[in-house]
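Please look over the structure below with this briefing at hand, which goes through strand pairing, the ligand site and charged pairs in turn.

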Amino acid sequence: MPVVVDPDPATVGELLTAMPESAHGVDCTERLSAWLTEHTEEYLVLLGPHLDLDDALAACESLRTGRPTASVVLVRDVIDAGLLTRAMKAGARDVVPDRDLEAVAAAANRAYQLYVALRGPTGATQRGKVVTVFSPKGGVGKTTMAVNLALSLADRGARRVCLVDLDLAFGDVAITLQLFPSHTIEHAIGSEDSLDVSLVDTLLTRHQDALMVLAAPSGPDVRERVTPALVARVLTILRETFDYVVVDTAPAFDEATLAALDETDECVVVATLDVPTLKNVRVALETLEMLGIARGHRHLLLNRADDAVGIGADKVEAILGLSVAAQVATSTDIAAATNVGTPIVVGKPEHPSSTAIRDLAGRLAGQPAEPAAEQPAAPVTRRFRIRR
Ligand SMILES: Nc1ncnc2c1ncn2[C@@H]1O[C@H](COP(=O)(O)OP(=O)(O)O)[C@@H](O)[C@H]1O
Ligand SMILES: [Mg+2]
């Protein structure tokens with residue numbers, strides 16, 4: 001995720017148009033340092049034309065040894081031989097003229113290619129975690145919880161999080177966040193074999209600074225053409241770049257969901273307190289077991305957990321044989337927050353629902369990445385891949 005540094009917000013905005021969607025802007029080198037501390041995989045630092053030249057060169061100098069895998073590109077108003085010599089000595093990878101966005105984009109591309117080359121053919125970077133939110137029932141709060149969990153995991157930009165809408169026919173993550181995506185997973189159809197980080201990046205839509213979103217197709221007819229191989233490839237690539245990939249799903253074990261579950265580290269199962277839902281959730285939990293999502297990685301989230309219907313959390317635990325990881329009560333605040341496009345964890349961080357969701361996010365973040373050792377008969381491969 002490239003980072004652009006310039007004290008002038010309009011210049012940052014302009015330079016960001018030449019960068020991938022996930023690029024981020026800061027106004028000074030102090031904020032750049034804070035950003036780099038949080039983003040150890042940064043591959044491009046673009047120092048804008050309004051930064052003091054000495055400050056910019058000092059930043060180059062410290063990144064040269066402190067972060068050798070990050071390319072530093074200087075954007076300057078006037079470029080002469082003296083500047084080029086100083087920039088080169090300081091370790092800048094490129095110097096491009098101000099207002100030449102094509103040159104900026106080309107420099108960004110070169111930086112990315114260098115990063116991939118330095119990383120080696122295996123692409124051995126740290127793997128982000130895939131957290132899938134699932135329920136066999138519609139309308140139980142999957143999307144609401146996926147959005148709020150993703151925002152909680154992002155922790156105001158401290159972690160890189162991508163929210164993927166795999167409810168391919170009726171996905172509503174984008175509308176829930178009041179986003180208007182220009183690209184969706186639809187634009188990757190047919191690219192299963194050629195997809196890479198930079199291509200996937202062009203499919204993402206930014207939600208404020210904290211979250212990137214891969215939206216569902218705009219029409220329901222496209223679903224059939226999004227193959228399981230494409231879903232798997234997209235998730236594999238996203239987990240290379242993001243700390244967390246949160247997946248919202250359709251209320252069924254459809255092909256996209258199964259492909260996502262193959263990649264899933266933590267599965268949040270949403271249930272409500274009614275017998276038909278609980279019966280289906282029980283079956284779903286058995287299926288998750290079969291798919292190799294170990295018990296310690298299945299998290300039961302009871303939504304609308306206050307409904308006076310004669311079933312309490314203890315009864316649910318007895319029926320499902322799984323303890324309740326989080327409970328969220330029915331609250332008009334949740335629906336109202338969704339309706340104004342500010343999910344409850346952001347709009348009302350002190351609300352009991354927000355606390356419950358944040359706690360769950362905290363526990364998901366603390367989970368070890370591999371299935372818990374208590375699981376007997378662990379398959380030799382990590383997953384029993386029913387699709388292969
Ligand atoms: N705990 C809750 N209290 C009140 N309304 C809720 C709660 N959870 C979800 N909702 C509302 O229920 C509706 C369906 O939720 P949604 O997240 O879209 O479900 P799903 O994705 O499972 O179909 C939405 O209007 C949402 O705002
Ligand atoms: Mg939904």
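Val 75 stands opposite Val 96 in E5, and the strands concerned, E4 (residues 71-76) and E5 (residues 94-97), run parallel and are joined by 4 bridges. The model is a predicted one, in which local features need pLDDT of at least 70 and side-chain atom pairs count only at pLDDT 80 or more, while totals for chains, interfaces and linings use all residues. Residues are numbered from 1 along each chain as its sequence is written, ligands are numbered from 1 in the order in which they are written, and side-chain values use heavy atoms, with hydrogens and water left out.

**Strands and crossover**
- Strands count as paired if DSSP finds at least two bridges between them, and the strands themselves are DSSP runs (E, at least two residues), as helices are runs of H or I with at least four.
- Together with helix H4 (residues 81-90), E4 and E5 make a right-handed β-α-β unit, right-handed meaning that the path from the first strand over the helix to the second runs clockwise when the strands point away from the viewer.

**Ligand site**
- Ligand 1 is surrounded by 16 residues (a heavy atom within 4 Å), and Gly 139, Lys 142, Thr 143, Thr 144 and Asn 303 are the closest.
- An oxygen atom of ligand 1 lies 2.8 Å from a polar side-chain atom of Lys 142, and a nitrogen atom of the ligand is 2.8 Å from a side-chain N or O atom of Asn 303, where a polar contact is a pair of N or O atoms within 3.5 Å.

**Charged pairs**
- The whole structure holds 12 salt bridges (a side-chain nitrogen of Lys or Arg within 4 Å of a carboxyl oxygen of Asp or Glu).
- Arg 86 forms a salt bridge with Asp 54, with the closest N and O atoms 2.9 Å apart.

Conventions
Polar contact = N/O pair within 3.5 Å; in protein donor to acceptor, adjacent residues only side chain to side chain.
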